[in-house]
Amino acid sequence: MGKVILTGDRPTGKLHLGHYVGSLRRRVQLQNEGDYDRMFVFMADIQALTDNADNPEKIRQNIIEVALDYLSAGLDPEKCTLFIQSQIPELSELTTYLMNLVSVSRVQRNPTVKTEIKMRNFEANIPLGFFCYPVSQAADITAFKATTVPAGEDQSPMIELCRELARRFNQTYGEVLVEPTIMLPENATARRLPGTDGKEKMSKSLGNCIYLSDDADTVWQKVRSMYTDPTHVNVSDPGHVEGNTVFTYLEAFSTDDDFAEYWPEFKNLDELKAAYTAGGIGDMKCKKMLNKVINKMLDPIRQRRKEFEQDIPEIYNILKKGSESARETAAQTLSEVRKAMKINYFEDSELIKQQAEKYKQQ
Ligand code: TRP
């Protein structure tokens with residue numbers, strides 16, 4: 001059995017720096033290290049529709065946004081299969097079979113689903129499709145026999161359910177599916193990048209995101225107005241780095257090389273932190289540093305994005321080819337699934353022979 005990576009995003013908006021540090025950057029590394037036999041990255045449009053059923057145009061528009069974000073961040077269709085969930089009908093089929101192996105109350109206990117139901121005010125009226133999406137997600141993973149799912153902590157309950165379903169399937173019908181493990185982001189800053197306003201999380205609805213597709217001017221506007229330390233009024237005042245968004249971002253993005261290049265007065269972030277804490281370092285200087293660091297990181301991404309934007313039909317082509325290739329893998333698993341579940345009637349010549357015998361004797 002090979003090592004297979006699979007992960008994806010709901011195409012409900014462009015990707016931002018939170019996505020980048022939380023997962024996209026890691027995916028590109030994993031892809032380039034090549035330690036895995038196969039890597040799949042997909043857009044979960046069926047899942048996106050479970051709470052956007054009345055807004056398919058939003059999903060349709062964001063497919064291309066997310067694809068551009070993937071490709072410009074460095075995902076390479078030669079090394080990694082990019083596909084769209086809805087184009088693999090086998091995923092819906094497997095979802096249906098897996099639904100028989102889990103109870104309503106088991107899904108109800110999923111803390112991520114609970115929070116989402118609250119956030120969307122679904123309490124009184126949960127769409128059934130939305131309720132079932134954790135099962136559909138288990139199908140996404142098991143249809144590719146994925147061993148490793150890079151994802152955020154909020155996805156842990158989904159992976160746990162997926163493992164249970166795979167185990168349950170194998171016990172009931174025979175060994176076909178693979179139990180995956182989650183691969184969490186390396187460190188705390190990567191796990192949750194706060195918004196530019198200092199709020200817990202970057203989120204489109206809060207308007208506190210820096211997008212991968214933002215140009216340099218937009219990034220500077222956002223960095224300039226970033227939340228810092230409200231007690232740091234005069235430059236000479238001692239500053240606080242805890243809960244100071246500029247420092248959280250520097251933590252997530254800056255390297256010692258960045259200091260050598262842009263602010264050689266300090267060897268690294270620790271030295272800057274010490275000086276800021278002691279007093280005498282203005283917020284604006286830190287923001288300028290952060291702006292340079294972010295733009296240095298985004299520049300190559302922007303450049304690739306520009307190139308990809310010149311040939312949008314080619315992007316659809318990449319997604320189509322990726323979806324065809326992904327479908328072959330899923331179809332192989334589904335053929336094993338049907339066989340194990342004894343619903344492969346027409347491929348089972350033994351079955352046909354036995355039935356013929358049985359009725360001849362009567
Ligand atoms: N639930 C994930 C999210 O909200 C998207 C997703 C769907 C996914 N299917 C998946 C992630 C399978 C990893 C594996 O971002």
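**A tour of rings and helices**

Start by selecting Arg-10 and Tyr-133: Arg-10 lies over the face of the Tyr-133 ring, 4.7 Å from the ring centre. Here a charge sits over a ring if NZ of Lys or CZ of Arg is within 6 Å of the ring centre and within 35 degrees of the ring normal. This is a predicted model, where local features need pLDDT of at least 70 and side-chain atom pairs count only at pLDDT 80 or more, while totals for chains, interfaces and linings use all residues. Residues are numbered from 1 along each chain as its sequence is written, and side-chain values use heavy atoms, with hydrogens and water left out.

Next, pick Lys-14 and Tyr-211; the charged end of Lys-14 is over that ring, 4.7 Å from its centre.

Now show Phe-40, Phe-42, Phe-83 and Phe-144, a cluster linked by ring pairs (rings of Phe, Tyr and Trp, the last by its six-membered ring, pair if their centres lie within 6.5 Å; planes under 30 degrees apart are stacked, over 60 edge-to-face, the rest tilted). Phe-40 and Phe-83 have centres 6.2 Å apart and planes at 85°, so this pair is edge-to-face. Phe-40 and Phe-144 make a tilted pair, with 4.7 Å between centres and 45° between planes. Phe-40 has a relative accessible area of 1% and Phe-144 one of 2%; both are buried (under 20% relative accessible area, with a 1.4 Å probe and protein chains only).

Finally, select residues 245-253 and 283-309, helices α12 and α15 (DSSP runs of H or I, at least four residues, numbered from the N terminus). Among the residues that meet are Phe-247 in α12 and Met-289 in α15 (heavy atoms within 4.5 Å).

Technical notes: Axes fitted to C-alpha atoms, helices over the stretch in contact; angles between N-to-C directions. Helix = DSSP H or I, 4+ residues; strand = E, 2+ residues; numbered from the N terminus. Buried < 20%, exposed > 50% of the residue type's maximum accessible area, 1.4 Å probe, protein only.
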